[in-house]
Amino acid sequence: MTIHQPPGGQPLRNIEALIERGLVAPERREALQAVAARYAVSVTPAIAELIDPTDAADPIARQFVPDAAELETLPEELADPIGDAAHSPVEGVVHRYPDRALLKLVHACPVYCRFCFRREMVGPGGDALTGAKLDAALAYLAARPEIWEVIMTGGDPLILSGRRLREVGRRLAAIPHIKVARWHTRVPMVQPERVTQDYARALRVPGKASYVAVHANHPREFTPAAREALARLADAGHVLVSQSVLLKGVNADLATLSALMRAFVENRVKPYYLHHPDLAPGTSHFRLSLAEGQALVKSLRGTLSGLCQPTYILDIPGGAGKIPVGPAFLSGCETPGAQGFAEDRHGDLHAYPPA
């Protein structure tokens with residue numbers, strides 16, 4: 001498949017390039033080269049510009065610049081933490097839920113997130129879904145009328161050329177039982193110059209509802225160029241929803257998470273999923289406890305507009321699927337007929353139904 005190369009410069013794809021750019025200290029070379037030998041590295045010019053090299057705790061650098069902590073793998077961490085392989089009937093398709101399926105068009109990305117749950121499977125030079133492999137994947141989707149939605153993912157499908165995206169869209173449009181086409185991407189935030197008006201239109205699948213799930217984790221990612229890219233997608237007729245990962249040292253505090261959700265809404269992106277970090281190898285330094293995450297998400301409810309509320313999600317290890325794990329605001333109703341207690345945004349309890 002054709003990889004679309006926009007203006008703006010090439011990504012930094014190795015430790016030497018990061019050192020030359022001033023994003024990594026030379027004394028870290030040896031340790032980080034060991035990380036790069038195991039997990040792919042890529043930082044786009046747009047992201048490099050956002051990183052503050054004087055801040056050892058910079059939340060943008062933490063997401064994209066390799067860290068020696070990635071070489072520590074815990075016993076519970078898994079190469080395929082959400083069980084894609086167990087639900088892949090043909091190459092390029094993951095069919096975990098009855099009414100929807102993933103179509104993994106490519107295994108490469110413009111950037112490689114240090115917490116990626118597919119980090120063992122993606123990287124430069126990975127096979128793209130072309131020719132007979134793409135034919136087989138689309139034939140699988142076409143043969144199953146229960147599939148109502150197809151989610152294009154990877155890797156990041158928006159590294160492909162507009163011509164290739166239109167071709168995939170044309171073939172999906174010919175499958176009558178598919179009603180929704182959804183694209184999952186980091187591109188509008190990390191390589192916004194790629195999303196021209198024509199490219200935004202190329203994502204439309206004729207006759208289908210079109211959704212774009214935009215991945216961002218920190219409000220600083222909403223640069224003027226990223227905001228313009230999101231506007232072009234919205235103006236082209238796509239419904240925009242968000243995906244974020246709750247990450248220690250990046251967004252796991254009320255002020256940052258609130259600013260992130262407001263930034264989505266201000267740019268016509270509806271907050272959708274806030275993921276608890278998956279058990280990918282070498283990512284324990286990003287994970288907080290579920291209880292900490294629930295407390296943080298609970299604080300959002302009392303702070304932000306309802307438009308800004310994401311669903312806190314855990315992808316059960318091994319492939320059992322996603323479940324909401326947000327905090328409970330109602331208790332005492334476990335016994336039929338029992339009076340419950342509703343907790344308001346101040347933490348006060350109210351009997352329901354009232355006595």
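**View 1. Tyr 273 and Tyr 272, a stacked aromatic pair.** Tyr 273 is buried, at a relative accessible area of 17%; buried means under 20%, exposed over 50% and partly exposed in between, with a 1.4 Å probe and protein chains only. Tyr 272 is partly exposed because its relative accessibility is 27%. The ring centres lie 4.0 Å apart and the planes meet at 10°, so the pair counts as stacked. Rings of Phe, Tyr and Trp (its six-membered ring) pair if their centres lie within 6.5 Å; planes under 30 degrees apart are stacked, over 60 edge-to-face, and the rest tilted. This is a predicted model: local features need pLDDT of at least 70, side-chain atom pairs count only at pLDDT 80 or more, and totals for chains, interfaces and linings use all residues. Residues are numbered from 1 along each chain as its sequence is written, and side-chain values use heavy atoms, without hydrogens or water.

**View 2. Phe 222 and Phe 264, an edge-to-face pair.** The whole structure holds three aromatic pairs. In this one, the centres are 5.2 Å apart, with 85° between the planes. The pair links distant parts of the chain, 42 residues apart. Phe 222 sits in the loop between β5 (209–215) and α9 (224–235), and Phe 264 in helix α10 (residues 254–266). Helices (H or I, at least four residues) and strands (E, at least two) are DSSP runs, numbered from the N terminus. Both Phe 222 and Phe 264 are buried.

**View 3. The buried side of helix α6.** Gly 162, Arg 164, Leu 165, Val 168, Gly 169 and Leu 172 are buried in α6. They lie on the same side of α6 because they cover an arc of only 160° around the axis, taken from the directions from the helix axis to the C-beta atoms. The buried residues pack against β2 (100–104), α5 (131–142), β3 (149–153), β4 (180–185) and α8 (197–202); contact means heavy atoms within 4.5 Å. Exposed Arg 163 and Arg 170 are on the face turned away from the buried side.

**View 4. The open sheet β10-β11-β12.** Three strands pair antiparallel in this order. Pairing takes at least two DSSP bridges between two strands. The edge strands, β10 (330–331) and β12 (349–352), each pair on one side only. Two bridges join β10 to β11 (residues 340–343). Leu 330 has Ala 342 in β11 as its bridge partner.

**View 5. Cys 116 and Cys 113.** The structure holds zero disulfides, a disulfide being a pair of cysteine sulfur atoms within 2.5 Å. For Cys 116, the nearest cysteine sulfur is that of Cys 113, 6.3 Å away.
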